[in-house]
Amino acid sequence: MDPNQPQGMQQFQQPQTAAQLKRRTPLWMIITLVLFVLLFFGASGFGIWAFMERGKFKNDTDKIVAKEVALTEKRVSTAKDAEFVEAEKRPTKGYKGPATFGSVELEYPKTWAAFITESDKTSTPIDGYLHPDYVPGVKSGTSFALRIELEQKSYDNELKNLDSKVRSGKISVTPFRADKVPHILGARIQGEINQGQKNLMVMFPIRDKTLKISTQSEIFFKDFDAIILKTLTFAP
């Protein structure tokens with residue numbers, strides 16, 4: 001150090017220690033730096049968390065969408081199956097009985113098979129069994145989709161034979177007129193006409209005989225009302 005330099009210059013050129021430099025660093029810079037570091041790590045952590053949540057949400061959403069798609073496809077398939085079943089029933093087939101037995105006529109789904117006996121040598125001149133696909137044996141215990149019976153019995157006596165079941169509450173009997181034969185008053189019977197079955201039957205007088213049209217299972221009630229009864233006609 002040059003002794004000839006002024007004392008102030010000698011002090012200016014003295015090296016500064018780390019402590020001196022630290023004391024001279026503004027406090028706001030230190031705070032800013034700390035906040036920046038904290039924000040950086042906070043933002044990084046949030047970004048990682050958000051990315052993980054996004055992946056989880058996407059996976060959950062994909063599962064929900066896949067489930068809804070499967071349910072929709074199932075509903076559409078079920079609806080198409082139901083439409084196909086209904087469409088297959090049309091056009092309908094028809095039955096027309098002999099004029100000597102009242103010219104009984106009606107239509108039924110084309111997917112049903114029929115086994116109908118017509119004879120004036122029995123107590124049931126018309127005795128018919130109808131069922132989807134094929135007609136099971138009479139003694140098979142099947143609840144047939146449709147029965148057609150023309151019996152050699154008077155209408156009044158057949159109604160009286162139902163009195164005990166009406167009183168016991170097993171069946172209900174109400175007046176009924178067929179759409180195509182509105183001038184003939186008959187009866188609509190619903191309930192357990194045959195033991196263990198849920199039956200629906202309409203009954204009409206035809207001369208000295210009684211016409212019975214019935215279904216032996218509630219599965220066929222809709223077709224019975226919408227097709228059978230809507231097309232039923234006869235000559236009293």
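User: What is Pro-125 in contact with, once its neighbours within four places in sequence are left aside?

Analyst: In this predicted model, Pro-125 is in contact with Phe-101, Thr-117, Glu-118, Ser-119, Leu-150, Glu-151, Gln-152 and Lys-209. The residue lies in the loop between β3 and β4 (126-132).

User: Why does Pro-125 count as buried?

Analyst: The term buried applies under 20% relative accessible area. Pro-125 has a relative accessibility of 0%, and therefore it counts as buried.

User: What makes β9 largely enclosed by the rest of the structure?

Analyst: Seven of the seven residues of β9 are buried, so the strand is largely enclosed by the rest of the structure. Both of its faces are covered, with Lys-209, Leu-211, Ile-213 and Thr-215 buried on one side, and Thr-210, Lys-212 and Ser-214 buried on the other. As for the protein chain, buried residues make up 29% of its 236 residues.

User: How do you know that β9 pairs with β5 and β8?

Analyst: Two strands pair if at least two bridges are found between them, so the number of bridges decides the matter. Five bridges join β5 to β9, and seven bridges join β8 to β9, with an antiparallel run in the case of β5 and β9 and likewise for β8 and β9. Individual positions can be followed too: Glu-149 stands opposite Lys-212 in β9, Leu-150 stands opposite Leu-211 in β9, and the bridge partner of Val-202 in β9 is Ile-213.

User: Which strands form the open sheet, and in what order?

Analyst: Seven strands form the open sheet in the order β3-β4-β5-β9-β8-β7-β6, and their pairing is antiparallel. The twist averages 15° from one strand to the next. Helix α6 packs on the sheet, touching β3, β5, β6, β7, β8 and β9, and its direction makes about 30° with that of β8.

User: What makes β3 (112-118) and β6 the edge strands?

Analyst: Each of them pairs on one side only, and that is what the term edge strand expresses here. The partner of β6 (residues 171-178) is β7 (residues 181-191), to which it is paired in the antiparallel sense over seven bridges, with Val-173 having Ile-189 of β7 as its bridge partner. A hairpin joins β6 to β7 through two residues. Next, β7 and β8 pair in the antiparallel sense over five bridges, and the bridge partner of Gln-190 in β8 is Leu-200.

User: How many residues line the largest pocket, and which elements give two or more residues to its lining?

Analyst: The largest pocket has a volume of about 230 Å³. It is lined by 15 residues, of which Glu-149, Ile-193, Asn-194, Met-201 and Lys-212 are the closest to its centre. The elements that give two or more residues to this lining are β5 (146-151), β8 (199-206) and β9 (209-215). By class, the lining has four nonpolar, six polar and five charged residues.

Definitions and conventions:
Residues are numbered from 1 along each chain as its sequence is written. This is a predicted model: local features need pLDDT of at least 70, side-chain atom pairs count only at pLDDT 80 or more; totals for chains, interfaces and linings use all residues. Side-chain values use heavy atoms; hydrogens and water are left out. On a 1 Å grid over the protein atoms alone, a cavity is a set of points where a 1.4 Å probe fits but cannot get out, and a pocket is an open set with protein on both sides within 12 Å along at least five of seven lines; lining residues have an atom within 4 Å of a point. Grid points are joined across faces, edges and corners, and a volume is the space filled by probe spheres set on the points. Helices (H or I, at least four residues) and strands (E, at least two) are DSSP runs, numbered from the N terminus. Ala, Val, Leu, Ile, Met, Phe, Trp, Tyr, Cys and Pro count as nonpolar, Asp, Glu, Lys and Arg as charged, and the others, Gly among them, as polar. Axes are lines fitted to C-alpha atoms, for helices over the stretch in contact, and angles run from 0 to 180 degrees between N-to-C directions. Contact means heavy atoms within 4.5 Å. Buried means under 20% relative accessible area, exposed over 50%, partly exposed in between (1.4 Å probe, protein chains only).
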